[in-house]
Amino acid sequence: MFKNTKAFSGFSVNDMQKAKEFYNGTLGIEVSENDMGIMTLKIAGGTDIVVYPKPNHEPATFTILNFAVADIDKAVDELIKAGVKFEQYDFGEIKTDEKGIMRGNGYGPDIAWFKDPAGNILSVLKER
């Protein structure tokens, strides 16, 4: 039914101005806004992601957006310089190092998680 249908994703935030500053200013993503206060993230490759305000927003407890990068250490270092704080996890096989990177070691790609100002979980992960 949807084989040839384009799709897009979206998520909520509790403060659109902080979200715009983070996604555009900190992460460098091109954004646009419409008259209804909805922001669109213009992701490389032509994908758009809608960000909408929600007064009773509750952050997702899972990763909502992943950024594939060629060099995860370089990406993490640049994000840290931009003020991004990486999450630290220690759940059995999911254990991050001092930089916040979980080294895949055969269990998946190297990945590091961080949050946007609304508490939504994002990640950078090494391209395969």
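Phe-11, Phe-22, Tyr-23, Phe-86 and Phe-114 form one aromatic cluster, where rings of Phe, Tyr and Trp (its six-membered ring) are paired if their centres lie within 6.5 Å, and planes under 30 degrees apart count as stacked, over 60 as edge-to-face and the rest as tilted. The structure is a predicted model, in which local features need pLDDT of at least 70 and side-chain atom pairs count only at pLDDT 80 or more, while totals for chains, interfaces and linings use all residues. Residues are numbered from 1 along each chain as its sequence is written, and side-chain values use heavy atoms, with hydrogens and water left out.

By the ring rule, the count comes to six aromatic pairs. In the pair of Tyr-89 and Trp-113, the ring centres are 5.2 Å apart and the planes stand at 75°, so the arrangement is edge-to-face. This pair links distant parts of the chain, with Tyr-89 in the loop between H2 and strand E6 (90-91) and Trp-113 in strand E9, 24 residues apart; helices (H or I, at least four residues) and strands (E, at least two) are DSSP runs numbered from the N terminus. Both Tyr-89 and Trp-113 are buried, a term that denotes under 20% relative accessible area, with exposed meaning over 50% and partly exposed in between (1.4 Å probe, protein chains only).

When neighbours within four places in sequence are left aside, Phe-86 is in contact (heavy atoms within 4.5 Å) with Val-76, Leu-79, Ile-80, Lys-99, Gly-100, Ala-112, Trp-113, Phe-114 and Val-124.

The largest pocket is lined by 20 residues, of which Leu-27, Ile-29, Phe-67, Val-69 and Val-124 lie nearest its centre. On a 1 Å grid over the protein atoms alone, a pocket is an open set of points where a 1.4 Å probe fits, with protein on both sides within 12 Å along at least five of seven lines, and lining residues have an atom within 4 Å of a point. E3, E5 and H2 each supply at least two residues of this lining, and the largest share, five residues, comes from E5.

Met-16, located in helix H1, is buried, with a relative accessible area of 16%, and, not counting residues up to four places away in sequence, Met-16 touches Gly-37, Ile-38, Met-39, Val-51, Tyr-52 and Pro-53. Asp-15, in the loop between E1 and H1, counts as partly exposed at 30% relative accessibility; from Asp-15 to Phe-67 the separation is 52 residues in sequence and 22 Å in space, C-alpha to C-alpha. Gly-92, placed in the loop between E6 and strand E7 (94-95), is exposed, with a relative accessible area of 63%, and Gly-92 and Ser-12 are 80 residues apart in sequence and 30 Å apart in space, C-alpha to C-alpha.
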